[in-house]
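Biologist: I would like to go through this structure by question and answer. Please show it first.

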Amino acid sequence: LSKLRGRAARLRLSMYVDDAVIFAKPTATDINNLTNVLINFGETTGLRTNIRKTSVTPIACDGINLDNILANLLVACAAFPIKYLGMPLTIRRLRKIDFQPLIEKAAGKLSTWQGRNLTQAGSVYLTKAVLSSQPVYLLTALKATKEVLEDLDKIRKRFLWAAGEELTGGKCKVNGTKSYMPKELGGLGILNLEKFARALRLRWLWHNWVSPDKPWASTELPSDETDRFLFATRTTIRIGNGRKASFWDSGWVQGRRPKDIAPLLYAKSKRKNCRVADALLHNNWIRDLDLRTGSTAQHFLQFANLWSMVRNVQLDDSQDDSITWKLTASGVYSAASAYRAQFLGCTTAPRICSIWKTWALPKAKFFTWLITQNRVWTSDRLARRGWDHSPFCPLCRATMETSLHLISECRYTRRIWGRIAT
């Protein structure tokens with residue numbers, strides 16, 4: 001087969017089990033040779049190509065007569081986007097419509113489940129086990145748009161609070177922000193899809209560091225600037241020979257990225273992808289700065305600050321650059337730790353978390369959690385909305401009914417707790 005043109009054309013074959021993608025030059029000679037390879041391989045091994053499941057998808061083949069080129073390869077001709085291993089592939093940016101099968105699959109589950117016959121605790125379980133886990137495979141490899149994640153969230157909320165029926169504000173007892181918090185923070189432990197998708201995407205940045213020999217390492221990763229910033233803050237980089245760490249994008253200067261220390265200089269740099277070794281050699285990072293026009297006092301202040309931090313760095317040719325994940329004892333990335341890291345700063349709720357550790361029925365635990373959120377229809381909440389209500393607790397007739405009063409302050413409630421304790 002002829003060599004493919006283009007600096008990004010490194011992969012000729014992508015294979016997983018019995019599925020394969022082969023990249024070939026659109027010439028009659030190459031296609032005929034590829035056909036003969038497939039035929040000879042099938043005759044030798046007995047593993048023949050399934051023509052019905054095979055297709056040819058042209059990439060930048062405008063002006064080429066594909067009918068003549070594919071005359072000896074009798075397969076269907078498809079157009080992008082296509083599916084490979086269950087994922088949509090395209091040569092352009094993925095659109096919302098490309099994720100529509102994922103949304104329809106999640107919505108299809110609701111029609112088969114009889115939500116009315118489930119307790120809300122059962123709805124929570126199915127939301128976590130099925131509706132939240134379905135998109136994980138695609139979210140690991142692709143960066144879904146915000147609209148796609150919102151549509152998936154609407155489906156989860158509709159099943160969780162309305163049993164699959166139309167969702168209204170009155171049926172949604174607790175907002176999504178609180179429901180999607182981990183249990184130790186007072187939530188239901190349902191995955192926040194946006195945060196979990198970001199945690200999954202960090203694995204590409206991690207493997208790009210620890211396994212730079214992978215075929216996809218030099219390709220564009222499905223990570224945005226927020227992902228890279230989170231990755232930099234949760235990793236520790238130790239400089240050895242400086243050949244692996246990026247001078248501007250890696251957090252190797254006292255745990256910070258030079259692009260964050262001196263953002264104005266980063267914008268002026270002509271080589272933003274240079275490695276630490278190349279940048280420090282003869283102070284090349286300074287030579288790469290275009291300060292001839294538009295320079296201000298802030299540029300020189302940031303330059304002096306960055307220069308004072310990197311001028312005494314000594315490289316060690318006997319050691320490679322190393323990276324450590326701060327959030328695990330082993331120093332290795334995990335999606336769970338990356339997900340929890342996005343909740344740092346939130347207040348823990350040990351008393352609420354203890355609800356889920358009891359031996360009570362799941363529906364009793366869920367109702368208790370609703371009480372802690374003040375989301376049961378007691379008299380005080382009905383009064384705030386101007387709805388009909390009893391002015392006193394129906395048990396003790398002494399004070400207005402509230403969630404706290406109903407569960408702990410009412411004399412009848414205290415009597416019940418006392419008998420349980422004895």
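Biologist: How many disulfides does the structure hold?

Modeller: This is a predicted model, in which local features need pLDDT of at least 70, side-chain atom pairs count only at pLDDT 80 or more, and totals for chains, interfaces and linings use all residues. Residues are numbered from 1 along each chain as its sequence is written, and side-chain values use heavy atoms, with hydrogens and water left out. A disulfide is a pair of cysteine sulfur atoms within 2.5 Å. For C346, the closest cysteine sulfur, in C353, is 14 Å away, too far for a bond; the number of disulfides in the structure is zero.

Biologist: Is C274 buried or exposed?

Modeller: Buried means under 20% relative accessible area, exposed over 50%, and partly exposed in between (1.4 Å probe, protein chains only). C346, at 33%, is partly exposed. C274 has a relative accessible area of 6%, so C274 is buried.

Biologist: What radius of gyration does the chain have?

Modeller: The radius of gyration is taken over C-alpha atoms, and the globule rule is 2.2 Å times the number of residues to the power 0.38. A compact globule of 422 residues would come near 22 Å, whereas the chain has 30 Å.
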